[in-house]
Amino acid sequence: MSVLSVVDARKMFGPVKALDGASLELREGELLGLLGPNGAGKTTLIRAIAGRVRLDAGEIRVFGQPVDGRRTPPELGIVPQEIALYPLMTARENLAVFGRLQGLTSAELGRQVDWALESTGLKDRANESIRQFSGGMRRRLNIACGVLHRPRIVLLDEPTVGVDPQSRDRIYDVLDDLRGRGVSLLLTTHHLEEAEARCSRTVIIDHGRAIAAGTLGELVEQTVGRFRLVTLRLDAAAGQAATAEIIRGARTIEGDPSDPRLLRARMRDVAIELPPLLERVRQVGRSVEDVEVKGPSLQSVFIHLTGRELRE
Amino acid sequence: MGTLLRIGWTNLKRDRVAQALTFLLPIVFFSIFASVFGQQSGDRTPRIRVAVVDEDRSELSRRVVEGLRKEDGLRLQTGTSAEPDSPSLDRQSAEKIVRTGDVPIAVVLPQGMGAAFAERGFAATEPKVQVLADPSDPIASNMVQGLLQKAVMTSAPDLMMAGGIKQFEKVGGALTAQQRQAVAQWLPQLQAGAARGDGAGSGPTMGLGIDVIDVMRSDDRRGSLISFYAAGIGVMFLLFSSVGGAGGALLDEAESGTLERLLSTNIGMGGVLVGKWLFLALVGVAQLTVMFLWGRLVFDLPLFQHIPGFLVMTVITAAAAAALGMVLATLARTRAQLSGFSTILILTMSALGGSMFPRFLMSESMQKVGLLTFNAWALDGYLKVFWRNAPLWQLWPQVLVLSTLTVMFLGTARVLARRWGG
């Protein structure tokens, strides 16, 4: 069941097209990754869903109700990319002020603050000023402040940016806890590995458009197919004639314009297809310094879809 | 070294706020001080408004009034209003307009003055001319006393001489026929010199008896003057703290992301602005209260005698200052921009509006320009409360202007805050 839908969202900031027909769907209880390079439109899309940016065209619905761009629907919890906390306040005070602003009553507030401190692992530091907290602790508190009012959907903008792997795991523990309570999560990231490992589904966004959506398997099937990507690094550039000889008859082998020593090939069966390739390299007088074999990944999906690496 | 100079020059060239702080602000301040103390403004002489009551209606009093009227430094008011055919001022109405601050000083030429001079000439020091003064402007009082002496000497030397001869005859016996003839020939020359305005013939120093009366009848003049300075300095720093607080409330929160988080709650941008403004206004009230309490404890400022007026002016001033802070914070793109621009604005307003030196020291045109500033209205209100002991209702112009400014500032801040998507 869809809890959030975005259809053909368009938004211009002056001459810049921030959203150019983006569409996506968030299903109940899933963790949907919104993946794209910097400037792709992820944050604008999140702000539009949160009712903080009014679209020029298109429609956003939360539980079937249109979002008008004037106010944030109460079913939503927002976790901004910045550490949006008051640094002179303690963890408990931060939670209390944001909980109160979200409309919690005094009785609910005490209960929810205790729950948030418990689930973020900050109970022992509840009464310390957050200036003394590590980056990871602040990130967890940042999330907790956005979910105190028990939203049914939580939007997280780069929730793990700038934290170490251990803290990242703890953040995902918090998110898993929320999913266990039936909360649907939409998070933006430009960490491919994270999206691959943690998200139920991924939407790839580029230049303001969602260019693909699905599970990793679906995306691979739709794009690169079930190939292995084999990269050879030669001892020296092979030259045009030699390269032509190496890739002779094999349409899935190509050179890398940025580094003439590299050759890339897509292979369905590495055991059968790789030895003849190595033999042809030897025949033109070159040797192979390194061989890399990679299975299909979001990285390869992304490169296939956009023609470039994600972190450009 | 050349590279360092180039970096500095490029940064200065592209930072308009830094350029304004470096070059414009000193020029603005120099011009204000030069206008006030060097009298280099459009009207070269700061004219003091003087109310004149002629109770004597003699030839002498008429000539004194005319003598004063010829003075470039004075602007005379003899009627109850500025209209030419308005009824003449009497002592009560003159005292009233001094007390209310419409004019800083009034001169009363008492009945019998002309007759006394006709009788006794130079020796006639009674009845005394009365100067009804508001001591908050000591310059006006001293200047008018000097000009009164000059007016008598230059406008009516013949009358004084005639009276003096009479006095001489009483003591030294009657003049001879030849002496009388000589005096009779000299008196028209004196009168003609007076008419020309060059004071010909006035040689010896002669004294006009003058009584200066403090119409404010302040029991504690020092304390009341201190309240003026407390308000002046207090309002200037109130503006600084309001702008700084508003910058922290909006620009810092926008940068840290807490503003975005606040705006995603039910409170909305309108609620955020009102909440921030209210807090700043309360801090401003506390700031001014602490300042005046300190004045009370250390400098005997008469705070407790003026609590209602103090509260009215403090609340309305703090509210308007906080609203101005909100406008500047929503206008500025960065903290640095806010800091630079507000420093220029606040220092200029404080100089023109009387926070640095009283506005009555300024020329009339400068005083009018000063009314465009926030400080002038606030300080006029405090002056009414602590100096003129004005009843609360007389604060209505200040309350009206400052509350209108508050509403306008808040409305402007709301429009400018749309850039944060609220």
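Which strands of chain A does helix α9 of chain A lie across? Select residues 270-283 of chain A, which form this helix, and you will find that helix α9 lies across β11, β13 and β14 of chain A, running at about 20° to β11(A); helices (H or I, at least four residues) and strands (E, at least two) are DSSP runs, numbered from the N terminus, and axes are lines fitted to C-alpha atoms, for helices over the stretch in contact, with angles from 0 to 180 degrees between N-to-C directions.

This is a predicted model, in which local features need pLDDT of at least 70 and side-chain atom pairs count only at pLDDT 80 or more, while totals for chains, interfaces and linings use all residues. Residues are numbered from 1 along each chain as its sequence is written, and chains are lettered from A and ligands numbered from 1 in the order in which they are written.

Next, select the strands themselves: an open sheet of 4 strands has the order β12-β13-β11-β14 in chain A, with antiparallel pairing (two strands pair if DSSP finds at least two bridges between them). At its edges are β12 (253-256) and β14 (288-294) of chain A, each pairing on one side only, and the twist averages 20° from one strand to the next. Within chain A, strands β11 (residues 228-234) and β13 (residues 259-267) run antiparallel and are joined by 6 bridges, and A:L229 stands opposite A:R266 in β13(A).

Finally, turn to the chain contacts, where 13 residues of chain B are in contact with 16 residues of chain A (C-beta atoms, placed from the backbone, within 7 Å). On the chain B side, helix α10 (residues 258-263) gives the largest share, 5 residues.

Methods. Contact = placed C-beta atoms within 7 Å.
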